[in-house]
Amino acid sequence: MEIDRIDERTPNQLRPLICSRNVLNRAHGSSSWSQGDTKVLAAVYGPKAGTKKNENPERACIEVIWKPKTGQSGKLEKEYEMILKRTLQSICILTINPNTTTSVIIQVVSDDGALLPCAINAACAALVDAGIPLKHLAVAVCCGLADSGDVMLDPTKLEEQKMKAFTYLVFPNSVFSVLPEGSLQVEGEPVENGIITSVTQGLMSVSFKFVQVEDYLHCIERGRAASAKMSAFLRRSLQSQLPSDTLKAG
């Protein structure tokens, strides 16, 4: 039996998506991404000459700085920076601009759940806005697992607090490329059915052996289905000719 949600969404329903590009004048690329009442700004600066300490000068360097809505960055923010950096490194072509650093600044405007996926989506749109070469686009979604075993997509903050577990999933979208024709062969292979990033928090199951794996696979199935809708929305947003255009999806 499917559980009721406060905002009356079905378990498979995402919150309304809003994406705006070129929202910051001084950044080389920027975007605003909202999922319901969760909103994040992403700004891209670079590529600038030189790499950070301990980075390979033969490849481009991605730097991520996470700025919370209030207060100083803590352990959670540093963890988000690491996850986001690894995710962006996997979709960027790091051999095109070697010995350079591209900085991605994440500013949290409001957090009502699924904050990290929202930030990943904003960062991806901002990289495209800045003209950073990418192997493919990516979309992120949060899947929450209730005590009943039901999977809920894109949970709110209150729903997250009631979940026994949730997972952040990042899926590739190689159907639409932001590179010139033929550039997809520069690095890697098409990964239409792959997963770029997977972060799980909480306990998937304690009842039966192997059920934990089944719960996780169920989340992946739901997440991949939702990513198709998010990918279509992202493509429409990035294909817009007017940088100040704002598109909405229900």
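Q: Leaving aside neighbours within four places in sequence, which residues is Ser 231 in contact with?
A: Contact means heavy atoms within 4.5 Å. With its neighbours within four places left aside, Ser 231 is in contact with Val 139 and Asn 173. Before we go on, note that this is a predicted model, in which local features need pLDDT of at least 70 and side-chain atom pairs count only at pLDDT 80 or more, while totals for chains, interfaces and linings use all residues. Residues are numbered from 1 along each chain as its sequence is written, and side-chain values use heavy atoms, with hydrogens and water left out.

Q: Where does Ser 231 lie, and is Ser 231 buried or exposed?
A: Helices (H or I, at least four residues) and strands (E, at least two) are DSSP runs, numbered from the N terminus; Ser 231 has its place in helix α4, residues 211-239. Buried means under 20% relative accessible area, exposed over 50%, and partly exposed in between, with a 1.4 Å probe and protein chains only. Ser 231 has a relative accessible area of 6% and is therefore buried.

Q: How many helices and strands are there in the protein chain?
A: The protein chain has four helices and 10 strands, and from the N terminus on the elements run β-β-β-β-α-β-α-β-β-α-β-β-α-β. Of its 250 residues, 50% count as buried. Among the contacts in the chain with a separation of 6 or more, 72% are between residues 24 or more positions apart.

Q: How do α1 and α2 pack?
A: Two packed helices are described by the angle between their axes and the distance between the axes. Axes are lines fitted to C-alpha atoms, for helices over the stretch in contact, and angles run from 0 to 180 degrees between N-to-C directions. Helix α1 (residues 75-91) and helix α2 (residues 115-130) pack at an angle of about 40 degrees, with their axes 11 Å apart. Angles under 35 degrees count as roughly parallel, over 145 as roughly antiparallel, 65 to 115 as roughly perpendicular and the rest as oblique, and α1 and α2 are therefore oblique to each other.

Q: Which residues make the contact of α1 with α2?
A: On α1 the contact is made by Tyr 80, Ile 83, Leu 84, Thr 87, Leu 88 and Ile 91, and on α2 by Leu 115, Leu 116, Ile 120, Ala 123, Cys 124 and Leu 127. Ala, Val, Leu, Ile, Met, Phe, Trp, Tyr, Cys and Pro count as nonpolar, Asp, Glu, Lys and Arg as charged, and the others, Gly among them, as polar; the residues of this contact divide into 11 nonpolar, one polar and no charged.

Q: What is the value of phi of Asn 22, and where is Asn 22 placed?
A: Phi of Asn 22 is near 55 degrees, a positive value in a residue other than glycine. Asn 22 has its place in the loop between β1 and β2, and at 36% relative accessibility Asn 22 counts as partly exposed. Glu 8, also not a glycine, has a positive phi of about 70 degrees; Glu 8 lies in the segment before β1 (17-21) and is exposed, with a relative accessible area of 73%.

Q: Which residues are joined by a cis peptide bond?
A: Gly 46 and Pro 47 are joined by a cis peptide bond, with omega about 10 degrees, and Pro 47 is found in strand β3.
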